[in-house]
Amino acid sequence: EVTDVTEVVTQVYDNFKMIHPEFVFILDDDVHQSVQAQIYRNHLEQILIILLDNAVKYSTTRKEVHLSYERDSRNVEIAVQDFGEGISQANRDRVFNRFYRVDKARSRTKGGNGLGLAIAKRLIEGYHGSITIESAVGHGSVFRISLPILSANEAQVLTHKKEQAQAENNEIPGI
Ligand code: ATP
């Protein structure tokens, strides 16, 4: 499926702003145009929701989240930055493991199963993208995802193929 990444980023960002009025959200959009990628729209939404949800969940004093959106000729890059507790070097790989939580005792107060990041990583890598962490304990974290984009031509060919397949599916046999 061909998805407009810019549209999804803006939509998920607007939703978070609405749901968390106590937070300051800043969107740094360097793209300013529609960008197509081959990914299911709901998968991209899910990845962004997991990262934004964590940013909100693990921000303690400074309730601020920055989203930056950039592209080059091949990829889009979306970074979610918080100013929360941060993640130690030793834990930076482990947080992508299923059911891993840095502070187990917190599972009662903050909910969650430790599945979000494992799912986000699986999803993005399934589309030949990547996810990385930069973090400083006590200062916050940046989760960055990168996803290959389609040229206008590639997007057009794929959309056309999909429409054709749908049209064939809708044909009534024998008529
Ligand atoms: P859920 O299954 O609901 O997503 P979760 O938030 O515990 O629960 P993950 O999203 O996989 O699961 O995160 C795993 C762990 O990584 C968290 O428990 C938390 O310790 C740590 N973590 C994730 N995001 C951040 C963040 N932005 N800042 C600090 N720690 C984080």
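This is a predicted model: local features need pLDDT of at least 70, side-chain atom pairs count only at pLDDT 80 or more; totals for chains, interfaces and linings use all residues.
Me: What counts as a helix or a strand, and how many of each does the chain have?
Reply: Helices are DSSP runs of H or I with at least four residues, strands are DSSP runs of E with at least two, and both are numbered from the N terminus. The chain has five helices and seven strands. In sequence order they give the pattern β-α-β-β-α-β-β-α-α-β-β-α. Along its principal axes, the C-alpha trace spans about 65 × 35 × 30 Å.

Me: Why is Leu44 called buried?
Reply: A residue is buried if 20 or more other C-beta atoms lie within 10 Å of its own, exposed if 12 or fewer, and partly exposed in between, with C-beta atoms placed from the backbone. Leu44 has 26 C-beta neighbours inside 10 Å, so Leu44 counts as buried. Leu44 lies in helix 2 (residues 41–57). Of the 175 residues of the chain, 25% count as buried.

Me: What makes His32 and Phe99 exposed?
Reply: His32 has 9 other C-beta atoms within 10 Å and is therefore exposed. Phe99 has 10 C-beta neighbours inside 10 Å, so Phe99 counts as exposed too. His32 sits in the loop between strand 2 and strand 3 (36–38), and Phe99 in the loop between strand 5 and helix 3 (107–110). Phi is positive at each of these non-glycine residues, near 55° for His32 and near 70° for Phe99.

Me: Which residues does Leu44 contact, and what is a contact?
Reply: Two residues are in contact if their C-beta atoms, placed from the backbone, lie within 7 Å. Leaving aside neighbours within four places in sequence, Leu44 is in contact with Thr3, Val5, Val8 and Ile39. Across the chain, among contacts with a separation of 6 or more, 70% are between residues 24 or more positions apart.

Me: Why are helix 1 and helix 2 called oblique?
Reply: Axes are lines fitted to C-alpha atoms, for helices over the stretch in contact, and angles run from 0 to 180 degrees between N-to-C directions. Angles under 35 degrees count as roughly parallel, over 145 as roughly antiparallel, 65 to 115 as roughly perpendicular and the rest as oblique. The axes of helix 1 (residues 5–19) and helix 2 come within 10 Å and cross at roughly 40°. Helix 1 and helix 2 are therefore oblique to each other.

Me: Which residues make that contact, and how many are nonpolar?
Reply: Helix 1 gives Val5, Val8, Val9, Val12 and Phe16, and helix 2 gives Arg41, Leu44, Glu45, Leu48, Ile49 and Leu52. By class, the contact has nine nonpolar, no polar and two charged residues. Here Ala, Val, Leu, Ile, Met, Phe, Trp, Tyr, Cys and Pro count as nonpolar, Asp, Glu, Lys and Arg as charged, and the others, Gly among them, as polar.

Me: How do you know that strand 4 and strand 5 pair?
Reply: Two strands pair if DSSP finds at least two bridges between them. Seven bridges join strand 4 (residues 64–71) to strand 5 (residues 75–82), and the two run antiparallel. Tyr69 stands opposite Ile78 of strand 5. The two strands form a hairpin with three residues between them.

Me: Which bridges involve strand 7?
Reply: Strand 5 and strand 7 (residues 140–148) pair in the antiparallel sense over eight bridges. The partner of Ile78 in strand 7 is Ile145. Strand 6 and strand 7 are also antiparallel, joined by seven bridges, and Ser135 has Ser141 in strand 7 as its bridge partner.

Notes. Residues are numbered from 1 along each chain as its sequence is written.
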